[in-house]
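Keep the picture open beside the text, and look for each part as it comes up.

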Amino acid sequence: MSDWSELDAFLETDPADVGCDEAMRILHVYVELVVSGEDAAARYPGVASHLRQCGPCGEDFEGLLALVTDPPPEGVGRRLRKKLRGGR
Amino acid sequence: MAGATPEPGLDTESAGWVRRLQARGNDRESAVRDLHDLLQRGARREVRRRCAGTGVSGRELVDLATQAADDATYAVLAKVAQFRGESRFTTWAYRFVVLEVSRKVGRHFWRQPRAELTEEDWNRLPDALGAPPDHVAEVRELSRAVRRAVDDLTDHQRRIFEGAVLQGISLDALAVRYDTTRNALYKTLYDARRKIRASLVAEGYLGDEPSKEVRAHE
């Protein structure tokens with residue numbers, strides 16, 4: 001039998017997989033655990049399993065992670081309004 | 001509820017967002033503008049990231065981002081009273097914009113005419129399934145076995161498998177076409193994958209136990 005590990009991994013189904021709705025419901029919590037260096041997969045194994053198998057949810061995870069770790073800079077308008085309000 | 005007290009235990013910045021968004025008058029208007037700015041920046045970044053290499057650019061890209069930011073802003077305003085501080089407010093709010101961008105990009109997919117499934121798509125099956133290129137005869141045989149297994153799926157499972165795997169259409173785009181949700185289609189694909197695997201195990205192409213790989217998100 002050849003090494004069909006990629007095919008095997010694609011066809012693998014994990015009964016712990018929580019599905020898209022539940023994974024997306026707590027995506028913000030999961031992402032912050034990852035950012036803070038905690039073991040998010042151990043805390044939420046069903047979410048980790050889902051993000052491995054579901055391309056679109058994995059994409060959402062990557063997108064939110066990117067926004068949290070490298071937030072887009074504020075525009076001039078918002079900086080000015082904050083200044084006028086006396087914010088830093 | 002206007003002027004409601006934020007949940008205890010929120011970090012200062014998150015509590016500030018909640019308080020301002022639940023205030024009245026100018027304070028709230030200013031907070032809503034700030035929220036929209038935040039989500040607009042997030043949407044633009046996310047749309048650019050997702051649409052890299054898809055040909056979506058310029059005005060189209062800005063329009064997608066603006067629509068996503070507008071809808072995410074409404075969603076956050078509708079749910080701000082439910083924010084419990086499980087994460088920072090901005091992370092929670094960004095989640096809405098990421099999900100809106102997913103939906104908008106999925107809808108946008110169908111604005112261009114798409115080719116129907118052809119035999120050529122089936123010929124790309126080995127690549128789609130990550131078959132090793134140095135086993136030509138085995139790859140061909142396995143592809144036939146997968147195709148037999150796909151033929152045994154229900155019509156709906158087969159359509160979704162063909163769209164998602166052979167044509168590479170995202171589940172969000174397929175959800176628009178079939179007027180359903182990503183979650184429902186994922187469940188359909190989940191059942192399809194399980195059936196195909198069982199068929200390949202029965203025919204001796206795969207072992208009983210799935211190979212375990214440690215990959216991203218862990």
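What follows goes from the separate chains to the places where parts meet. One thing to know at the start is that this is a predicted model.

Begin with chain A, which has 88 residues. Its secondary structure comes to seven helices and zero strands. If you trace chain A from the N terminus on, the pattern therefore reads α-α-α-α-α-α-α. Buried residues account for 39% of chain A. There is also a way to ask how the chain meets itself: among contacts between residues at least 6 apart in sequence, 69% in chain A join residues at least 24 apart.

Now turn to chain B, with its 218 residues. Here you can find ten helices and, once again, zero strands. Read from the N terminus on, the elements of chain B run α-α-α-α-α-α-α-α-α-α. In chain B, 36% of the residues count as buried. Taking contacts in chain B between residues at least 6 apart in sequence, 65% of them link residues at least 24 apart.

Chain B can also be viewed by domains. The domain assignment gives domain 1 (12-111) and domain 2 (119-202). Taken over C-alpha atoms, the centres of these two domains of chain B are separated by 34 Å. Where they touch, domain 1 of chain B supplies seven residues and domain 2 of chain B supplies six residues. On the side of domain 1 that touches domain 2, there are three nonpolar, two polar and two charged residues.

Ala198(B) sits in helix H10 of chain B, which covers residues 182-202. Is Ala198(B) buried, exposed or partly exposed? A residue needs 20 or more other C-beta atoms within 10 Å to be buried, and 12 or fewer to be exposed. Ala198(B) has 15 other C-beta atoms within 10 Å, so this residue is partly exposed. For a sense of distance, compare Ala198(B) with Val62(B): they are 136 residues apart in sequence and, from C-alpha to C-alpha, 45 Å apart in space.

Next, bring the two chains together. Their contact takes 40 residues from chain A and 44 residues from chain B. On the side of chain A that touches chain B, the elements giving two or more residues include helix H1 (5-11), helix H3 (27-35) and helix H6 (55-69) of chain A. Which of the elements gives the most to this side? The answer is H6(A), with nine residues. Sorted by class, this side of chain A has 21 nonpolar, nine polar and ten charged residues.

Finally, zoom in on one pair of helices across the two chains. Two packed helices are described by the angle between their axes and the distance between the axes. H3(A) packs against helix H4 of chain B (residues 89-108) at an angle of about 125°, and their axes are 9 Å apart. The crossing in which H3(A) passes H4(B) is right-handed. From H3(A), the contact is made by Leu27(A), His28(A), Val31(A) and Glu32(A). Their partners on H4(B) are Thr91(B), Trp92(B) and Arg95(B). By class, the residues of this contact divide into three nonpolar, two polar and two charged.

Key
Residues are numbered from 1 along each chain as its sequence is written. Chains are lettered from A and ligands numbered from 1 in the order in which they are written. This is a predicted model: local features need pLDDT of at least 70, side-chain atom pairs count only at pLDDT 80 or more; totals for chains, interfaces and linings use all residues. Two residues are in contact if their C-beta atoms, placed from the backbone, lie within 7 Å. Helices (H or I, at least four residues) and strands (E, at least two) are DSSP runs, numbered from the N terminus. Ala, Val, Leu, Ile, Met, Phe, Trp, Tyr, Cys and Pro count as nonpolar, Asp, Glu, Lys and Arg as charged, and the others, Gly among them, as polar. Domain bounds come from an automatic or database domain assignment. Axes are lines fitted to C-alpha atoms, for helices over the stretch in contact, and angles run from 0 to 180 degrees between N-to-C directions. A crossing is left-handed if the near helix is turned anticlockwise from the far one by less than a right angle, and right-handed if clockwise.
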